[in-house]
Amino acid sequence: ALGAAKWQVIMPQTPKALGSHSSPSIRYGHSLLTYKGNLVTTHGYFYDRDQGTARWLSDTWALNTIPPFKWQTLHGHTQQSVAHEAYGRGEMPKAPCGRFGHATAIAGNGLYMYG
């Protein structure tokens with residue numbers, strides 16, 4: 001049991017909702033799991049309130065859970081059109097195209113996604 005666990009802010013939210021080269025964007029419907037001392041998050045969607053548009057994401061990030069708590073990009077975003085062109089040729093894209101509400105699991109050294 002965790003008992004009387006306390007929240008600890010390790011990285012405050014910034015006004016950079018779109019993310020940066022050193023941190024992912026704010027997102028919804030993503031997955032999060034742990035792997036070798038890292039929190040790994042992938043896919044989901046970003047809703048731009050100013051423009052009223054949503055963007056499906058396909059990037060994957062890891063946050064080291066030991067100070068200094070730095071994000072690392074594991075895989076950049078794959079454009080939907082690039083992924084769909086590969087599917088149209090009967091090929092697999094380099095990474096799954098953007099999606100949200102999916103499930104992920106780690107088995108061995110592999111990250112598996114469904115949905």
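The exercises below work through a predicted model of a protein chain.

Residues are numbered from 1 along each chain as its sequence is written. In this predicted model, local features need pLDDT of at least 70, side-chain atom pairs count only at pLDDT 80 or more, totals for chains, interfaces and linings use all residues, and side-chain values use heavy atoms, with hydrogens and water left out.

**Exercise 1. The chain as a whole**

Task: Describe the secondary structure, the extent and the surface of the chain.

Solution. 
Step 1. Count the elements. The chain has 1 helix and 6 strands. Helices (H or I, at least four residues) and strands (E, at least two) are DSSP runs, numbered from the N terminus.
Step 2. Read along the sequence. The pattern is β-β-β-β-α-β-β.
Step 3. Take the extent. The C-alpha trace spans about 55 × 40 × 25 Å along its principal axes.
Step 4. Take the surface. The accessible surface comes to about 8300 Å², and 57% of this belongs to carbon and sulfur atoms. The areas come from the Shrake-Rupley method with a 1.4 Å probe; for residues, only the protein chains shown count as cover.
Step 5. Check burial. Of the 115 residues, 28% count as buried. Buried means under 20% relative accessible area, exposed over 50%, partly exposed in between (1.4 Å probe, protein chains only).
Step 6. Look at contacts (heavy atoms within 4.5 Å). Among contacts with a separation of 6 or more, 40% are between residues 24 or more positions apart.

**Exercise 2. A threonine in β3**

Task: Is T60 buried or exposed, and what does T60 touch?

Solution. 
Step 1. Locate T60. It is in strand β3 (residues 53–64).
Step 2. Read the accessibility. T60 has 9% relative accessibility, so T60 counts as buried.
Step 3. List the contacts. Leaving aside neighbours within four places in sequence, T60 contacts V40, T41, T42, Q72, T73, L74 and H75.
Step 4. Find the polar contact. The side chains of T60 and T42 make one at 2.6 Å. A polar contact is a pair of N or O atoms within 3.5 Å; within protein, one must be able to donate a hydrogen and the other to accept it, and residues adjacent in sequence count only if both atoms are side-chain atoms.

**Exercise 3. Aromatic pairs**

Task: How many aromatic pairs does the structure hold, and why is the pair of Y28 and Y45 tilted?

Solution. 
Step 1. Count. The structure holds 5 aromatic pairs. Rings of Phe, Tyr and Trp (its six-membered ring) pair if their centres lie within 6.5 Å; planes under 30 degrees apart count as stacked, over 60 as edge-to-face and the rest as tilted.
Step 2. Classify. The ring centres of Y28 and Y45 are 5.6 Å apart and the planes are at 40 degrees, so the pair is tilted.
Step 3. Y28 lies in the segment before β1 and Y45 in strand β2, so the pair ties together parts 17 residues apart in sequence.
Step 4. Check accessibility. Y28 is partly exposed at 39%. Y45 is partly exposed at 23%.
Step 5. Turn to the tryptophans. The rings of W61 and W71 have centres 6.2 Å apart and planes at 90 degrees, so this pair is edge-to-face. W61 is in strand β3 and W71 in strand β4 (residues 71–75), 10 residues apart.
Step 6. Compare their burial. W61 is buried at 5%, whereas W71 is partly exposed at 21%.
Step 7. Find the cluster. Ring pairs link Y28, Y45, W56 and F100.
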